[in-house]
Structure formats: structure tokens, C-alpha cells
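Please look over the sequence and the model below before reading on.

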Amino acid sequence: MILTLVGMPGCGKSTARRQPARHLDVEFVGADTEVEDELGGPIRPWFEAHGEAAFRDVEARVIDGLTQRDGIVLATGGGAVLRPENRDALHGRTHVFYLRSTPEDLHRRLRHDTHRPLLQVGDPLRRLRELYRERDPLYRRTAHYVVETPRPSVPALLNMVLMQAELAGLVDPSKVPSPIGGAAGDRRH
């Protein structure tokens with residue numbers, strides 16, 4: 001089983017990070033980290049030197065390989081869904097959770113970020129709105145589940161993802177934390 005987290009930059013994939021994997025006792029894999037391993041260094045300078053199309057080629061090869069593994073929680077880069085082959089591999093081979101946030105929520109979280117190449121522009125909010133218009137339908141098409149993440153905290157995000165996975169029959173209920181303020185037995189009623 002592979003659980004995959006997709007969404008816009010700043011949606012909570014990094015916030016969630018290893019928490020679902022830890023609770024499920026599986027390995028966490030970040031697609032961007034795997035891409036950096038293949039590139040031999042950080043994404044940003046490589047992206048700037050070679051362009052987005054070349055970066056997306058490498059990303060597609062990495063995602064193809066990762067989606068053929070088993071027993072992982074996979075977090076993709078924000079643009080992974082741009083390529084049809086990535087959408088097909090993710091949707092067909094994994095259980096995809098779209099961590100959805102509005103462009104305004106994302107802007108609040110990312111306004112001081114200097115590491116995301118696509119957001120190093122004069123008007124980052126405008127750019128986030130453009131990316132959202134382009135990518136939201138692709139995330140929705142790729143995802144099996146949509147989890148709203150307006151202001152994610154690690155415990156809240158972990159609960160939302162794991163409880164959805166439990167309701168779908170993907171994980172053992174004993175691996176899912178009790179909801180905040182409720183008893184474990186209250187979830188299914």
C-alpha cells in the first residue's frame with residue numbers, strides 16, 4: 001500500500017511529513033528528495049539552469065519508480081500532477097490524498113519563502129492563484145480523497161488523513177489516533 005500526498009506548494013505536505021508513515025509503521029518518501037538524489041544536488045539551481053520541462057522529465061521518472069514500491073507514504077512536489085503519466089501512476093498505483101488550501105491561505109504560509117522557484121516573482125499571490133486555477137482540477141482528477149487544509153497543524157492534518165484512510169478501509173483502525181476531544185470508539189458512529 002502507498003498513501004500519496006499531493007497539493008499546492010505550502011498545502012501541508014511538508015507539515016504532515018513523516019507523521020502518517022510513523023503511525024502506519026511504513027517508510028516516508030519525499031519525491032523532491034528523491035529527485036535531488038537523481039540530480040546530484042538541490043532542485044532550485046538545477047531548475048534554473050535546465051528549465052521546468054527538463055525538471056519534469058526527471059520528476060516523472062522518479063515518480064514512476066516510487067509508485068511501484070510498496071509500504072510507503074509518498075509526498076510529491078506541487079507540480080507533479082502536471083504530467084499525465086504522473087497522474088496515471090499516482091492514481092492507478094497509490095491512494096492519493098489531495099491536501100487542498102486556497103491561494104490566500106498558501107500565500108500567508110509562503111510569503112517569506114525563498115526556496116520555491118515558481119514563487120520567486122513580483123506578485124506571489126497572483127502566481128499562486130494562477131497555479132491553483134491550473135492545478136486544482138488536476139489534483140482533483142488524481143486524488144481519491146480531498147482533505148481541506150486551511151491552516152494545518154501536524155496533529156489536525158495527521159488526524160484528517162489517517163481518519164479518511166481508516167474510513168476507506170486502507171489502514172488498521174488501531175493505527176489511527178483518537179479525534180481531538182473524542183473517544184476512539186466515537187469515530188464510526
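This is a predicted model: local features need pLDDT of at least 70, side-chain atom pairs count only at pLDDT 80 or more; totals for chains, interfaces and linings use all residues.

Residues are numbered from 1 along each chain as its sequence is written, and side-chain values use heavy atoms, with hydrogens and water left out.

Five of the five residues of β1 are buried (under 20% relative accessible area, 1.4 Å probe, protein chains only). Ile2, Thr4 and Val6 point one way from β1, and Leu3 and Leu5 the other way. Strands pair if DSSP finds at least two bridges between them. β1 runs parallel to β3 (residues 72–75), joined by four bridges, and Leu5 stands opposite Ala75. β1 also pairs in the parallel sense with β4 (residues 95–100) over four bridges; there Thr4 has Val96 as its bridge partner.

The largest nonpolar core has 51 residues, and Leu74 and Phe97 have the most contacts inside it. Such a core is a set of buried Ala, Val, Leu, Ile, Met, Phe, Trp, Tyr and Cys residues joined through side-chain atoms within 4.5 Å. Leaving aside neighbours within four places in sequence, Phe97 is in contact (heavy atoms within 4.5 Å) with residues including Leu3, Leu5, Tyr145 and Leu170.

Definitions and conventions
Buried means under 20% relative accessible area, exposed over 50%, partly exposed in between (1.4 Å probe, protein chains only). Helices (H or I, at least four residues) and strands (E, at least two) are DSSP runs, numbered from the N terminus.
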